[in-house]
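Subject: Structure handover and notes

Hi,

Here is the structure I promised to pass on to you. Could you load it in your viewer and keep it open while you read my notes?

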Amino acid sequence: MDKSSDLEILELGREERNISMAQMMIQERESVEKIERYTGYALEKLKEISNGIGIPLMK
């Protein structure tokens, strides 16, 4: 593998981890501000994730 492939794989791993973390935090009813802080995702991305799992975001 070349370096760009390695970096792409690492980035995909980070993305999957952050999505997973956001899903868990939404399920645990954490605040949007806390989820944004821990995942780095903006509100729109969190809305997309919460809609995907069928659980509304907490304010």
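A word on conventions before the details. This is a predicted model, in which local features need pLDDT of at least 70 and side-chain atom pairs count only at pLDDT 80 or more, while totals for chains, interfaces and linings use all residues. Residues are numbered from 1 along each chain as its sequence is written, and side-chain values use heavy atoms, with hydrogens and water left out.

Helix α1 covers residues 3-27; helices here are DSSP runs of H or I with at least four residues, strands are runs of E with at least two, and both are numbered from the N terminus. The end C-alpha atoms of α1 are 36 Å apart, which agrees with the 36 Å that its 25 residues should span at 1.5 Å a residue. That expected span is 1.5 Å times one less than the number of residues.

K3 belongs to α1 and counts as exposed because its relative accessibility is 70%. For the accessibility classes, buried means under 20% relative accessible area, exposed over 50%, and partly exposed in between, using a 1.4 Å probe and protein chains only.

The buried residues of α1 are N18, A22, M25 and I26. What covers them includes α2 and α3, where contact means heavy atoms within 4.5 Å.

Just after α1 comes R29, with a positive phi of about 65°, although R29 is not a glycine. Most residues other than glycine have a negative phi. R29 sits in the loop between α1 and α2 and is partly exposed because its relative accessible area is 37%.

**The core**

Which residues make up the largest nonpolar core? There are eight: A22, M25, I26, V32, I35, Y41, L46 and I49. A nonpolar core here is a set of buried Ala, Val, Leu, Ile, Met, Phe, Trp, Tyr and Cys residues joined through side-chain atoms within 4.5 Å. Two or more residues each come from α1, α2 (32-39) and α3 (43-53), and α1 gives the most, with three. In soluble globular proteins, nonpolar side chains tend to be buried together.

T39, in helix α2, counts as buried because its relative accessibility is 8%. Its side chain reaches the backbone nitrogen of Y41 at 3.2 Å. Leaving aside neighbours within four places in sequence, T39 is in contact with N18, M21, A22 and L46. S50, in helix α3, counts as buried because its relative accessibility is 4%. Not counting residues up to four places away in sequence, S50 touches I26, I55 and L57.

**Salt bridges**

How many salt bridges does the structure hold? The count is five, taking a salt bridge as a side-chain nitrogen of Lys or Arg within 4 Å of a carboxyl oxygen of Asp or Glu. Side chains of opposite charge can pair when their charged atoms come close.

- R14 pairs with E11, their closest N and O atoms being 3.3 Å apart. Both lie in α1, three residues apart, about one turn of the helix. R14 is partly exposed because its relative accessibility is 40%, and E11 is partly exposed at 44%.
- E30 and K34 meet through their side chains at 3.3 Å, N to O. E30 counts as partly exposed at 26% relative accessibility, and K34 is also partly exposed, at 26%.
- E44 pairs with K47, the closest N and O atoms being 3.6 Å apart. These two are separated by about one helical turn because they are three residues apart in helix α3. E44 is exposed, with a relative accessible area of 56%, whereas K47 is partly exposed at 36%.
- E15, K45 and E48 are linked in a network of salt bridges.

Happy to talk any of this through.

Best wishes

Methods:
Polar contact = N/O pair within 3.5 Å; in protein donor to acceptor, adjacent residues only side chain to side chain.
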